[in-house]
Amino acid sequence: MALLRFAPSPTGQLHLGGLRMALYNYLYAKKVGGKWMMRVEDTDATRFVPGSVDGIRKALDWAGLEYDYGPGKDGPHTPYFQSERLDLYRSYSKKLLDSGHAYRCFCSVDKMTETRERLARSGSNKTYDKTCLHLTEEEVARKVKAGEKSVVRLNDSNLPTRPPASDMVFGYLKDAHASLSTDPILLKTDLFPTYHLASVVDDHEMGITHVLRGEEWLLSYPLHLDLYACLNLKPPQFAHIPILLNPDGTKMSKRKGDVQVVDYIKDGWEPQAVLNWLALAGWGAKHEVPAPSESSESSDPASHSARHGKLLQNAPNSTTLMTLPEMIKEFELSALTQRSSSLDPAKLEYLNKHHLIRIWSTPDGLHSLAERARDDVKAAFPTSPHMNISYIKEVILALEGRLTNLHDIVRHGSFFFVELDLDSDKAREMLKRVTPAQRAAALNAVIPLVQNITPEQWQKTDFLEIVNKEREKVDAPYKVFMTVLRHALCGQKDGPALADVARVIGRERTLERLRDSQLQLGS
């Protein structure tokens, strides 16, 4: 059975790139009938942010991405925090020391800086001169006994032969050893592992079969495969996912822009729409993966893209509406593009609007939206008496063409919940091209009309039809007549059809607003 892992670091709130990575793990696990876990990579105490793990879990819960194992859902792979697995990493580092694939290095930070600078001045691309590799066993033992601090380094001059690197997204990769530092550090002086050792050990010990992670790890991929070979372990299959970019083409970062999932939750975006948006960013055409060739042995680290094979399936449209079950059905790792993708906010707006339409098209979905919207309405209009779910459902249906986001109910539909300020600038602006006489004629024609409709007849009455007939009787210009009514009922230029506004607010409030407009005119 396939087993995947989503492995965030607890360095702050989950960002969009992290959510997309969790989504891809979820989709692939579901696609192949496997499971996925969340593993917390918290070995760097200097970057730890309290509350991060809870924040990540809440974001995944909001998105509907429930992992099978991990914090709060113990399984056969505990513990799920790397800081609780330190003995395991030390055990594996000892195996590497005993086999000669690693060695202790006692060089100080200052000594390392001096060595790097000296090597750079000499034109070497090496980052270490392997001084400590040549220490005798007696010298190493003496330094350890004396309490000298050391790191454990991989001996890159004693690597076993292994198959060439391949990737489920990029295909067969060209060799990138030249881009690696000399004898990379595996275990630090504080006895905490680096990512390289910890990820390899944990993925093996937990039985991970597929590793989906960011493209930024491609350059370290040869090192990780070397570690599997040194430990005589079978590596999982890897898929390196191209990164997300800001609309301006810059790298998406926690420190730049609105990229935290919590911001999208606060801003009222639908989780299905956000997932849909993220899934389609980089979802391209599906191709056959070509066989390896001699060119894949090239030492050019920058050229890691595989040639495209035969086209199997065209890419979906970038605004294709998809639910989670639909994503699972269609998702293919081989269809992901090999280039970074930018996130277009306009596409999120489009997807969100159409996901909302899908939701409110069912009675249960409409009821759920109304319950969620009520919190927004209460916060925005705490004294409004119009808070019942049935009423809010009517408002949603009246505003449907204007709702891109659930928060738009408050932004675009305030006149449904509070009485109007006809003296506001936007209300006065509406009547700029309407004379007092035209306004009076329209109101004097419609008020008696509304008075003569009984409460029982109100919901069945075609408000626009009867109003238009009355307008024809008084021979008033259509635009002027309707502007007067919209001013009276909405207090703003934009809004749903007047018939929908009148139906939702009801006969009494419609009549009251028309009279208020008449009173303002008289004053």
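The model is a predicted one. Two helix pairs are described: α16 with α20, and α9 with α11. The disulfide count is zero. A cis peptide bond joins Thr-78 and Pro-79.

**Helices α16 and α20**

- Two packed helices are described by the angle between their axes and the distance between the axes.
- Helix α16 spans residues 436-451, and helix α20 spans residues 498-522.
- The two pack at an angle of about 150°, and their axes are 10 Å apart.
- An angle over 145 degrees counts as roughly antiparallel, so α16 and α20 are roughly antiparallel to each other.
- Their crossing is left-handed.
- On the α16 side, the contact involves Pro-436, Arg-439, Ala-440, Leu-443, Asn-444, Val-446, Ile-447, Val-450 and Gln-451.
- On the α20 side, the partners are Arg-507, Leu-511, Leu-514, Arg-515, Ser-517, Gln-518, Gln-520 and Leu-521.
- The residues of this contact between α16 and α20 comprise nine nonpolar, five polar and three charged.

**Helices α9 and α11**

- Helix α9 covers residues 271-280, and helix α11 covers residues 345-360.
- Their axes come within 9 Å and cross at roughly 135°.
- That angle makes α9 oblique to α11.
- The crossing of α9 and α11 is right-handed.
- From α9, the contact uses Gln-272, Ala-273, Val-274, Asn-276 and Trp-277.
- From α11, it uses Pro-345, Lys-347, Leu-348, Leu-351, Asn-352 and His-355.
- The contact residues of α9 and α11 split into six nonpolar, four polar and one charged.

**Cysteines**

- A disulfide needs two cysteine sulfur atoms within 2.5 Å, and by this rule the count is zero.
- The cysteine sulfur closest to that of Cys-105 belongs to Cys-107, at 3.8 Å, which is too far for a bond.
- For Cys-132 the closest cysteine sulfur is also in Cys-107. The distance is 3.7 Å, again too far for a bond.
- Cys-105 is buried, at 2% relative accessible area.
- Cys-132 is buried as well, with a relative accessibility of 6%.

**Backbone features**

- Most residues other than glycine have a negative phi, and most peptide bonds are trans.
- The bond between Thr-78 and Pro-79 is cis, with omega about -5°.
- Pro-79 sits in the loop between α2 (52-63) and α3 (86-99).
- Asp-183 has a positive phi, near 45°.
- Asp-183 belongs to the loop between β6 (171-172) and β7 (185-187). Its relative accessible area is 0%, so Asp-183 is buried.
- Leu-191 also has a positive phi, near 70°.
- The loop between β7 and α6 (195-205) holds Leu-191. At 40% relative accessibility, Leu-191 is partly exposed.

**The start of the chain**

- Met-1 is in the segment before β1 (3-6).
- Met-1 is exposed, with 66% relative accessibility.
- Leaving out residues up to four places away in sequence, Met-1 touches Gly-33, Gly-34, Lys-35 and Thr-209.
- Between Met-1 and Leu-245, the C-alpha to C-alpha distance is 34 Å. In sequence, Met-1 and Leu-245 are 244 residues apart.

Technical notes: Residues numbered from 1 in each chain as written. Predicted model: local features only at pLDDT ≥ 70, side-chain atom pairs only at ≥ 80, totals over all residues. Heavy atoms only, no water. Buried < 20%, exposed > 50% of the residue type's maximum accessible area, 1.4 Å probe, protein only. Axes fitted to C-alpha atoms, helices over the stretch in contact; angles between N-to-C directions. Helix = DSSP H or I, 4+ residues; strand = E, 2+ residues; numbered from the N terminus. Parallel < 35°, antiparallel > 145°, perpendicular 65-115°, else oblique. Left-handed = near helix turned anticlockwise from the far one by under 90°. Contact = heavy atoms within 4.5 Å. Nonpolar A, V, L, I, M, F, W, Y, C, P; charged D, E, K, R; others polar.
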